[in-house]
Amino acid sequence: MTQQQTGGDVRLTGISKRYGSFAAVQPLDLTVPQGSFFALLGASGCGKTTTLRMIAGLEEATTGTVSLGGRDITGLPPYKRPVNTVFQSYALFPHLDITENVAFGLRRRGIKSVRKQVDDMLELVQLGDFARRKPHQLSGGQQQRVAVARALINHPQVLLLDEPLGALDLKLRRQMQLELKRIQTEVGITFVHVTHDQEEAMTMADTVAVMNAGRVEQLGDPADLYENPRTTFVANFLGTSNLIEGEVVSTGSDVVVSAGGGKLRLPTGRCPAPTTKGGKLLLGIRPEKISLAHRDDADEIAEGRNRVTGRIVDSSFIGVSTQYVVESPAGKSLQVYEQNIERDARLTPGAEVVLHWNPAHTFGLDAAQDIAAGVETVEDAA
Ligand SMILES: Nc1ncnc2c1ncn2[C@@H]1O[C@H](COP(=O)(O)OP(=O)(O)OP(=O)(O)O)[C@@H](O)[C@H]1O
Ligand SMILES: [Mg+2]
């Protein structure tokens with residue numbers, strides 16, 4: 001497929017949106033590199049759609065500018081921006097067949113010979129055999145792909161996707177995530193994808209911007225965000241984190257913290273600066289980084305690992321892993337995910353256990369934040 005290569009980065013500078021006295025989007029600076037798959041991730045109401053609509057020109061920004069490849073497009077109406085949007089409701093024309101739905105943008109511009117381009121597009125989204133069907137004769141995932149083809153045929157420099165997979169069931173969502181990623185790689189244009197599903201954002205995007213209450217809390221590649229969250233919101237919203245309150249007892253190449261009646265260690269480089277003796281700190285550890293040992297086997301745990309003793313209060317077997325909830329002085333419900341390789345039959349609710357992990361896997365967060373930020377919102381969104 002041929003594509004315009006004359007794009008450029010999308011740059012938002014001080015962009016904000018107020019509705020009366022309510023700030024839907026706080027002044028925000030953001031650069032989306034040309035050709036990247038960029039995700040805006042956040043809970044319902046945090047300002048994702050509003051941000052996207054300001055890029056599309058469907059919403060007027062209260063302050064700030066939008067530029068594309070260095071050109072200020074803030075004042076341009078939507079149809080003059082080299083941008084197309086795919087919405088959650090695919091908004092296909094029910095009376096037109098798939099070919100005519102995809103051809104729509106070309107026809108509107110007075111282009112008569114659409115056949116080749118439409119065929120190419122349908123091939124790209126693997127719907128060549130469906131060209132003569134009407135939208136209601138397609139599955140949700142197929143209709144979704146028609147919507148993508150219909151937008152891409154206009155050769156936008158940027159494709160905006162607002163929860164495009166929201167209406168699909170989980171399995172189809174997963175398939176479509178990979179499919180959209182493939183299409184993006186193939187056409188090489190910039191995709192800005194809005195979702196409240198953190199797994200979806202991490203699966204698809206090169207860069208994820210985590211939004212909370214009209215602000216971007218943190219931005220980075222998925223693995224970096226996951227391993228190095230800088231706020232409790234990001235730690236809790238992106239996957240699950242165990243956050244343990246502690247007090248710093250010594251500093252050096254490692255920071256030692258007293259927490260839950262014991263001592264835990266973490267690398268100084270993973271702590272917020274400055275970390276001083278006597279100060280409070282939140283220690284974060286992801287559930288899959290923790291190992292569980294029955295209390296009777298505690299002697300076999302290697303030296304130098306962080307340890308927390310506790311009691312299993314719940315366990316759920318979910319196939320690839322078993323997820324335990326452990327009550328301990330360091331936290332009322334610590335989450336532990338153990339891969340199901342050799343299961344210890346003694347690890348059942350009521351069992352006394354030791355949680356242990358490599359101190360290097362621990363991250364530190366500023367203790368002045370709400371420890372539960374981002375926790376409830378995950379459940380709301382589910
Ligand atoms: N036209 C409007 N007038 C007043 N408030 C609005 C308007 N549009 C959006 N808002 C408010 O702005 C905030 C951000 O809305 P937005 O649609 O951007 O959220 P979102 O992150 O896309 O949420 P969701 O995941 O539910 O789609 C919300 O609190 C919403 O109620
Ligand atoms: Mg929205």
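# Exercises on a predicted model

A polar side-chain atom of Thr 49 sits 2.7 Å from an oxygen atom of ligand 1. The model is predicted. Work through the exercises below.

**Exercise 1. The ligand site**

Find which residues are around ligand 1, and sort the contacts of Tyr 19, Gly 47 and Thr 49 by side chain or backbone.

Solution. 
- Step 1: list the surroundings. Around ligand 1 are Tyr 19, Phe 22, Ala 24, Ala 43, Ser 44, Gly 45, Cys 46, Gly 47, Lys 48, Thr 49, Thr 50 and Glu 163.
- Step 2: take the side chains. Thr 49 uses a polar side-chain atom, 2.7 Å from an oxygen atom of the ligand. Tyr 19 has a side-chain N or O atom 3.4 Å from a nitrogen atom of ligand 1.
- Step 3: take the backbone. Gly 47 places a backbone N or O atom 3.0 Å from an oxygen atom of ligand 1.

**Exercise 2. Helix 2 against helix 4**

Decide whether helix 2 is roughly parallel or antiparallel to helix 4, then describe their contact.

Solution. 
- Step 1: find the angle. Helix 2 (residues 98-108) and helix 4 (residues 140-152) have axes that come within 7 Å and cross at roughly 30°.
- Step 2: apply the cut-off. Angles under 35 degrees count as roughly parallel, so helix 2 is roughly parallel to helix 4.
- Step 3: The crossing of helix 2 with helix 4 is right-handed.
- Step 4: name the partners. From helix 2, Ile 98, Asn 101 and Val 102 meet Val 146, Ala 149 and Arg 150 of helix 4.
- Step 5: class the residues. This contact of helix 2 with helix 4 has four nonpolar residues, one polar and one charged.

**Exercise 3. Helix 4 against helix 5**

Repeat the analysis for helix 4 and helix 5 (residues 170-187).

Solution. 
- Step 1: the axes come within 11 Å and cross at roughly 20°.
- Step 2: that angle makes helix 4 roughly parallel to helix 5.
- Step 3: helix 4 passes helix 5 with a right-handed crossing.
- Step 4: residues of helix 4 in this contact include Gly 141 and Leu 152, and those of helix 5 include Leu 172 and Val 187.
- Step 5: the contact of helix 4 with helix 5 holds seven nonpolar, two polar and two charged residues.

**Exercise 4. Helix 2 against helix 3**

At what angle do helix 2 and helix 3 (residues 115-124) pack, and which residues meet?

Solution. 
- Step 1: the angle is about 120°, with the axes 10 Å apart.
- Step 2: Ile 98, Thr 99, Val 102, Ala 103 and Leu 106 of helix 2 meet Gln 117, Val 118, Met 121 and Leu 122 of helix 3.
- Step 3: seven of the residues in the contact of helix 2 with helix 3 are nonpolar, two are polar and none is charged.

Technical notes:
Residues are numbered from 1 along each chain as its sequence is written. Chains are lettered from A and ligands numbered from 1 in the order in which they are written. This is a predicted model: local features need pLDDT of at least 70, side-chain atom pairs count only at pLDDT 80 or more; totals for chains, interfaces and linings use all residues. Side-chain values use heavy atoms; hydrogens and water are left out. Axes are lines fitted to C-alpha atoms, for helices over the stretch in contact, and angles run from 0 to 180 degrees between N-to-C directions. Helices (H or I, at least four residues) and strands (E, at least two) are DSSP runs, numbered from the N terminus. Angles under 35 degrees count as roughly parallel, over 145 as roughly antiparallel, 65 to 115 as roughly perpendicular and the rest as oblique. A crossing is left-handed if the near helix is turned anticlockwise from the far one by less than a right angle, and right-handed if clockwise. Contact means heavy atoms within 4.5 Å. Ala, Val, Leu, Ile, Met, Phe, Trp, Tyr, Cys and Pro count as nonpolar, Asp, Glu, Lys and Arg as charged, and the others, Gly among them, as polar. A residue is near a molecule or strand if one of its heavy atoms lies within 4 Å of it. A polar contact is a pair of N or O atoms within 3.5 Å; within protein, one must be able to donate a hydrogen and the other to accept it, and residues adjacent in sequence count only if both atoms are side-chain atoms.
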